[in-house]
Amino acid sequence: MSRPTNVCNPNVDAMPVDVLYHLGLSTESMDVKKAFGDVKFVIMGGSHKRMQKIAEIILKEFKVVLPVGTGLSNISWTTDRYVMYKVGPIISVSHGMGVPSISICLHEMAKLLHHAGATDVHFVRVGTCGGIGLKPGSVVITTSCMDCAFNDFFQLKVMGKVVKRPAELDEDFVHGLVETAKEMKLDFDVVVGKTMCADDFYEGESFKFPLSSGLMRT
């Protein structure tokens, strides 16, 4: 049975027009069902250039044939917040740096695919990170994620209240990625492990030289 792309806000379906401002798209300006209804994978990463490169690799490796007279182009060209490319059923989109930027992108991507009626969609984030006890260049497939206090949930403040959202991954999908990596016989290590997401690059991730409180005064 197929799984729809759900959004928790019941008001979304009541909106006559949904403007996905940061993606530079609108449900009024295009037929989102026709454009995105076939999406099955959303690959996300921080860098604009990295996500363009990934889209180019997907185009080449999967031998996707684009319509005559067209080329790979940034769908979100009307905004400088994110870039987004679509190759067949795969979207490659940048999410910027930091949790707030990622959250905005996830919200609008989820709404876009909900409006499009896309089903069985998997979201995958790719990017660089530090590793404890791993060889440089290793690829880690995340089995579970946590914040910098080792909590396995995402905490935010909504309307003056602290809300905790579960940070759960699709175990079957993770297992499939691991098995695929084994079959590919890659020339670098692929391991499984937990991934931490911090709210701050320097102090949150415990780098050796964070800004002191004195330097941060204005």
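Select residues 40-204: their end C-alpha atoms lie 33 Å apart. This span is 28% helix and 27% strand. UniProt lists these residues for "domain: Nucleoside phosphorylase", in an unreviewed entry. UniProt positions follow the numbering used here, feature names are shortened, and annotations may be inferred rather than shown by experiment.

The model is predicted: local features need pLDDT of at least 70, side-chain atom pairs count only at pLDDT 80 or more, and totals for chains, interfaces and linings use all residues. Residues are numbered from 1 along each chain as its sequence is written, and side-chain values use heavy atoms, with hydrogens and water left out.

Now show the whole protein chain as a cartoon. Look for 4 helices and 10 strands. These are DSSP runs, numbered from the N terminus: helices are H or I with at least four residues, strands E with at least two. Trace the order along the sequence: β-β-α-β-α-β-β-α-β-β-β-β-α-β.

Switch to the C-alpha trace. Along its principal axes, the trace spans about 55 × 50 × 40 Å.

Next, show contacts (heavy atoms within 4.5 Å). Among those between residues at least 6 apart in sequence, 67% join residues at least 24 apart.

Color by burial. Of the 218 residues, 27% count as buried, meaning under 20% relative accessible area with a 1.4 Å probe, protein chains only.

Finish with the charges. Place each charge at NZ of Lys, CZ of Arg, CG of Asp or CD of Glu. The mean positions of the 23 positive and 24 negative charges are 3 Å apart.

Technical notes
Buried means under 20% relative accessible area, exposed over 50%, partly exposed in between (1.4 Å probe, protein chains only). Lys and Arg count as positive and Asp and Glu as negative; His and the chain ends are not counted.
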